[in-house]
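Me: I've got a model to go through with you. Can we talk about how its pieces sit together?

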Amino acid sequence: MNENKSKILALKYRPKTFGQLLGQEVIAETILNAIKTGKTPNAYLLSGIRGTGKTSTARLIAKALNCTKNANENGLCDEKDSCEHCKEIENSNHIDVLEQDAATATGVDNIRDLIENSKYNPTNAKYKVYILDECQALSKNSWQALLKTLEEPPSKLRFIFATTEPRKVPVTILSRCQRFDLRRVSLEKIFNHIKKISEIEKGKISDDALRLLARASEGSVRDGISLLDRALVFQSLNPDSIMDDKDVRKMLGLADKTKLIHLLKCVFEGDENNALK
């Protein structure tokens with residue numbers, strides 16, 4: 001319980017099911033239908049700006065591929081009732097699901113080790129899944145070493161690549177992956193999401209302040225939740241008052257837009273004195 005309380009909000013409210021994946025409903029439905037019908041690609045490529053849910057989607061795919069309920073009943077575990085495979089993948093300690101940050105393992109030797117291990121069947125799951133985050137950081141030789149394995153992988157192996165810069169991924173790799181572009185999430189969806197979290201966390205933050213946080217997130221759900229985390233800490237300094245948009249501007253160091261509009265008005269009217277003021 002204490003561990004859950006001390007968790008940063010971005011981790012605490014990470015999506016645990018496809019239904020919780022914010023703003024990516026079409027992608028979630030497409031992936032889920034393919035898994036349920038058994039038409040899964042050898043490799044997925046998930047691209048998008050930071051905080052749109054690439055790593056979360058990769059873990060959800062790994063969970064859905066290996067879910068006991070999916071194998072037996074053509075369904076999926078929910079948040080309240082998870083099978084052992086789903087729990088272990090969620091806690092990043094499943095023996096058959098390897099999550100690797102490609103930015104810290106860019107060399108060809110790391111990839112050769114990975115390819116060597118991929119030849120063996122999964123230990124106790126249906127599929128062995130390799131999640132390579134920030135895959136654009138892999139070297140040219142590493143990508144070339146992966147080509148043959150991606151072309152003809154073992155039947156029980158799946159690759160999931162996640163990247164913020166798909167243009168840096170070689171075309172030969174892109175053609176071997178099923179690509180999903182995760183889009184920026186709308187202002188309204190982020191606002192509703194952080195408002196819900198704020199109510200759960202018993203934060204006293206006005207709707208105007210939350211809208212400002214949602215706007216500052218620039219379509220990134222994680223950024224929106226992280227900004228809310230900061231706002232809740234800021235608000236806890238004065239627990240009796242409600243945090244408004246002025247407090248958020250002060251916290252983020254943002255200028256009041258009305259002053260900017262007034263400045264532009266003075267500039268367009270040629271009012272030099274008031275513009276300088």
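Predicted model: local features only at pLDDT ≥ 70, side-chain atom pairs only at ≥ 80, totals over all residues.

Me: At what angle do helix α11 and helix α13 pack?

Reply: Helices here are DSSP runs (H or I, at least four residues; strands are E, at least two), numbered from the N terminus. Axes are lines fitted to C-alpha atoms, for helices over the stretch in contact, with angles from 0 to 180 degrees between N-to-C directions. For α11 (residues 207-216) and α13 (residues 245-252), the axes are 7 Å apart and the angle is about 35 degrees.

Me: Which residues of α13 make that contact?

Reply: Contact means heavy atoms within 4.5 Å. On the α11 side there are Asp208, Ala209, Leu212, Leu213 and Ala216. Their partners on α13 are Asp245, Val248, Arg249, Met251 and Leu252.

Me: Is serine 198 buried or exposed?

Reply: Serine 198 is found in helix α10 (residues 187-200). Leaving aside neighbours within four places in sequence, serine 198 touches Gly203, Ile205, Leu210 and Leu228. Buried means under 20% relative accessible area (exposed is over 50%, partly exposed in between; 1.4 Å probe, protein chains only). Serine 198 has 3%, so the answer is buried.

Me: How many disulfides are there?

Reply: A disulfide is a pair of cysteine sulfur atoms within 2.5 Å. The cysteine sulfur closest to that of cysteine 83 is in cysteine 86, 3.6 Å away, so too far for a bond. By this rule the count is zero.

Methods. Residues numbered from 1 in each chain as written. Heavy atoms only, no water.
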